[in-house]
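User: I would like to go through this structure and ask, term by term, what lies behind each label. Please set the computed value beside the cut-off wherever one is needed.

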Amino acid sequence: MAISVSPVQAVSESSLLRFSRWMLFVTVAGMPLYVVRWHYGPLPTTLLETFILITVGLYAVARWRDGRRRLMATPLDLPIALLLLAGAISVVVAGDHRTALGLYRAYFIEAVAVFYVAVDVVRRAEDAQRLVLAFAAGSSLFAALNLVVFAGALLSNDVHIGAAPNALYGDANYVAMYLDPPFAMAAGMVLFAHTPRWRWIGTAWFAITGAALLFTFSKGSYLAIGALAVVVVLTVRRWGAVLLVGVVAAAALVAQIPLVAQRLGTIPISVGGRLEIYQATISMIHNSPIFGVGLGGYSYQFRGQTPEIYPHDIWLTFWIEVGLLGLIAFAVILFGLLWRGWRAWPRMRDFYRPALWGALAALVMWTVHGIVDSPYWKNDMSVEFWLLAALIIICTRTATRVASPGD
């Protein structure tokens, strides 16, 4: 399925707008590059932020020259405005205004800007395909780097399941939270791809991100993969029973891997620790239920020795960091996307079918992982969330349009 573009529209599109689209693809592929940091004088920045600023700058100038002064309208505009308002209030509430402003800029302003650029410049099926290819390329390369690091540690007998070897991020849990969505997107391509080429791309993407995800030893990701399996069984009804048996058999086999089994054995300890953190966070919320403590204001010394900067639950994190308004606005955005997307999915055709399923399944994994961690609260993951939101909007607006050849 593709959005029809008249020859006049194609000719009239400015080179700046085309450049902004290509920079969007670079930004999507380069999400893990937020770890490359430097300063412009006193102002800290990252390579990912630089990509975003170039993308948004090119887009803004292109649309200004085209005579467009407003962002493209989406069904999420009101809750997004409320979320940004809540974030701005949280900067004022925060004890450290400079840190809070930096977090607001990276996690909200810039990430939401990527969303609005994407829903405007990705109009055709080929553009959507390139966007997904960029996501596949960036996440696969990152997964491969993590597998290389893991293999090196395994060969030198230096694998610690509580601090799994990983590349770039320094924490395997951050790697796992980033890799959940591309793994789900890849599964969508494997299950619903409209051409053999895309099925092969999906298979390779699924294999490499799946292997890297497995060896992060993230129990949150294992839980999220279980949720993904449920989504598969519910949506692929022709093979539902076969898939259910296959999923159970695969899970049983994976659980027999010694390192994985050792990691799963720590679940009771993790549950107790999470409950302790949740109770402490709820006490903090009780003291400031409306505005929270402000962006960057959360701090908990777990068992007197381990500093926790987030409460390991997405809903508690939003509440304590951006207050009740931010929590409600974000819930409306997330569940609105899931409701709208799953309603539209049966009508999807060609490339949009696996793309929408993958984005929705990614949000399901993201939400389930968010029960035990805070997947939004990193530079890459905030952009990743809004990329998924953009893909869902891009796909659902084609639901009633006439299908045309894809690849």
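Analyst: The residues that line the largest cavity divide into 6 nonpolar, 2 polar and no charged. This is a predicted model, and the values that follow are computed from it.

User: Which residues form that lining, and which helix gives the largest share of the lining of the largest cavity?

Analyst: The largest cavity is lined by N146, L147, F150, P165, V175, A212, F215 and T216, and helix α6 (residues 125–155) provides the largest share, 3 residues. The volume of this cavity is about 50 Å³, and a search of the whole structure finds 1 cavity of 30 Å³ or more.

User: What makes a space a cavity and not a pocket?

Analyst: A cavity is a set of points where a 1.4 Å probe fits but cannot get out, whereas a pocket is an open set. The largest pocket has a volume of about 1000 Å³, and of the 41 residues that line it, the closest to its centre are N173, R263, R274, H312 and D373.

User: Which elements supply at least two residues each to the lining of the largest pocket, and which gives the most?

Analyst: At least two residues each come from α7 (172–192), α9, α12 (267–287) and β4 (306–308), and α12 gives the most, with 9 residues. By class, the lining of the largest pocket holds 19 nonpolar, 14 polar and 8 charged residues.

User: How do you know whether A106 counts as buried or exposed?

Analyst: The relative accessibility of A106 is 11%, and because the cut-off for buried is under 20%, A106 counts as buried. A106 is also found in helix α5. Beyond its neighbours within four places in sequence, A106 is in contact with A111, N379 and S382; A106 and N379 are 273 residues apart in sequence and 6.1 Å apart in space, C-alpha to C-alpha.

User: What is the phi of F217, and why is F217 called buried or exposed?

Analyst: Phi of F217 is near 55°, a positive value in a residue other than glycine. F217 is placed in the loop between α8 (196–214) and α9 (219–235), and at 0% relative accessibility, against a limit of under 20%, F217 counts as buried.

User: How do helices α6 and α8 pack, and which residues make the contact?

Analyst: α6 and α8 pack at an angle of about 35°, with their axes 8 Å apart, and α6 passes α8 in a left-handed crossing. Residues of α6 in the contact include V132, L133, A136 and L147, while those of α8 include W198, I201, W205 and A212. The residues of this contact divide into 13 nonpolar, 4 polar and 1 charged.

User: At what angle do α13 and α15 pack?

Analyst: Helix α13 (residues 314–344) and helix α15 (residues 379–396) pack at an angle of about 35°, with their axes 10 Å apart, and the crossing of α13 past α15 is left-handed. Among the residues in the contact are F330, L337 and R340 of α13 and F385, W386 and I393 of α15. By class, the residues of the contact are 10 nonpolar, 2 polar and 1 charged.

Definitions and conventions:
Residues are numbered from 1 along each chain as its sequence is written. This is a predicted model: local features need pLDDT of at least 70, side-chain atom pairs count only at pLDDT 80 or more; totals for chains, interfaces and linings use all residues. Side-chain values use heavy atoms; hydrogens and water are left out. Axes are lines fitted to C-alpha atoms, for helices over the stretch in contact, and angles run from 0 to 180 degrees between N-to-C directions. Helices (H or I, at least four residues) and strands (E, at least two) are DSSP runs, numbered from the N terminus. A crossing is left-handed if the near helix is turned anticlockwise from the far one by less than a right angle, and right-handed if clockwise. Contact means heavy atoms within 4.5 Å. Ala, Val, Leu, Ile, Met, Phe, Trp, Tyr, Cys and Pro count as nonpolar, Asp, Glu, Lys and Arg as charged, and the others, Gly among them, as polar. Buried means under 20% relative accessible area, exposed over 50%, partly exposed in between (1.4 Å probe, protein chains only). On a 1 Å grid over the protein atoms alone, a cavity is a set of points where a 1.4 Å probe fits but cannot get out, and a pocket is an open set with protein on both sides within 12 Å along at least five of seven lines; lining residues have an atom within 4 Å of a point. Grid points are joined across faces, edges and corners, and a volume is the space filled by probe spheres set on the points.
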